[in-house]
Amino acid sequence: MIPFRESRPLGADLILENVAMRFLKDSAVPLVNDWGSCVGIVHSRDCTKMDSPLLSMARPPLCVPCSTSLEHVIDLLLREKCEMVVVVKSGNMYEGSYTSSSRPLGVFSLGILSEATANTANTHDECVPGA
């Protein structure tokens, strides 16, 4: 998981044309409203209307509480075929939509897992003689 702020969320009311370059780097980006609540996730493959607000192309955020196991989050990403899961602090929410009582703490994606795995493999190769 990376902290929510490090995912560099975009304002939900921004027009795609103004931020289109962001989707060359990131395949999914969280959207926030004026209060900092996560209101959606935009996937690069859903970016079809350059003159439209991002929220009109967004999917509802898939959220899990911070107590969810890594194994369950990976299973959820694969089962739902989504790019990103928002990790929230909430006592009464599980695999539901974002609510005002939930606060985004971080995000997790298969891309983050891939980077972490690659970094671990590279570190392991440096420590093993002959690798």
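This is a conversation about reading the features of a predicted model.

Biologist: Before I start, what should I know about the numbering and the confidence limits?

Modeller: Residues are numbered from 1 along each chain as its sequence is written. This is a predicted model, so local features need pLDDT of at least 70 and side-chain atom pairs count only at pLDDT 80 or more, while totals for chains, interfaces and linings use all residues; side-chain values use heavy atoms, with hydrogens and water left out.

Biologist: Thanks! How many helices and strands are there?

Modeller: Helices (H or I, at least four residues) and strands (E, at least two) are DSSP runs, numbered from the N terminus. Here the protein chain has four helices and seven strands, in the order β-β-α-α-β-β-β-α-β-β-α along the sequence.

Biologist: What share of the residues count as buried?

Modeller: Buried means under 20% relative accessible area, exposed over 50%, and partly exposed in between (1.4 Å probe, protein chains only). By that rule, 37% of the 131 residues of the protein chain are buried.

Biologist: Which residues have the most contacts inside the largest nonpolar core?

Modeller: In soluble globular proteins, nonpolar side chains tend to be buried together. A nonpolar core is a set of buried Ala, Val, Leu, Ile, Met, Phe, Trp, Tyr and Cys residues joined through side-chain atoms within 4.5 Å. In this model the largest such core has 20 residues, and Val85 and Val86 have the most contacts inside it. Strands 3, 4 (38-43), 5 (63-65), 6 (84-89) and 7, together with helix 3 (70-80), each give two or more residues to this core. Strand 6 gives the most, with five residues. There is also a second, separate core of ten residues, with Leu16, Phe23, Leu31 and Val42 among them.

Biologist: What is Val86 in contact with?

Modeller: Contact means heavy atoms within 4.5 Å. Leaving aside neighbours within four places in sequence, the partners of Val86 include Phe4, Ile41, Leu62, Val64 and Val107.

Biologist: And His43: buried or exposed?

Modeller: His43 belongs to strand 4, and it counts as buried because its relative accessibility is 2%. Not counting residues up to four places away in sequence, His43 touches Ser27, Ala28, Arg59, Cys82 and Glu83.

Biologist: Now the pockets. What is the volume of the largest pocket?

Modeller: On a 1 Å grid over the protein atoms alone, a pocket is an open set of points where a 1.4 Å probe fits, with protein on both sides within 12 Å along at least five of seven lines; lining residues have an atom within 4 Å of a point. Grid points are joined across faces, edges and corners, and a volume is the space filled by probe spheres set on the points. The largest pocket here has a volume of about 420 Å³. It is lined by 20 residues, and the closest to its centre are Asp26, Met84, Ser109, Ile112 and Glu115.

Biologist: Which element supplies the largest share of that lining?

Modeller: Helix 4 does, with four residues. Helix 2 (22-25), strand 3 (28-32), strand 7 (103-109) and helix 4 (110-127) each supply at least two residues of the lining. By type, the lining divides into nine nonpolar, four polar and seven charged residues. In this count Ala, Val, Leu, Ile, Met, Phe, Trp, Tyr, Cys and Pro are nonpolar, Asp, Glu, Lys and Arg are charged, and the others, Gly among them, are polar.

Biologist: How many salt bridges does the structure hold?

Modeller: A salt bridge is a side-chain nitrogen of Lys or Arg within 4 Å of a carboxyl oxygen of Asp or Glu. The structure holds six. In one of them Arg79 pairs with Asp75, the closest N and O atoms being 3.1 Å apart. Both lie in helix 3, four residues apart, about one turn of the helix. Arg79 also meets Glu80 in a salt bridge (3.6 Å, N to O). Shared partners join Arg22, Lys25 and Asp26 into one network of salt bridges.

Biologist: Last one: where is Lys81 found?

Modeller: Most residues other than glycine have a negative phi. Lys81 has a positive phi of about 50° although it is not a glycine, and it is found in the loop between helix 3 and strand 6. Its relative accessibility is 64%, so Lys81 counts as exposed.
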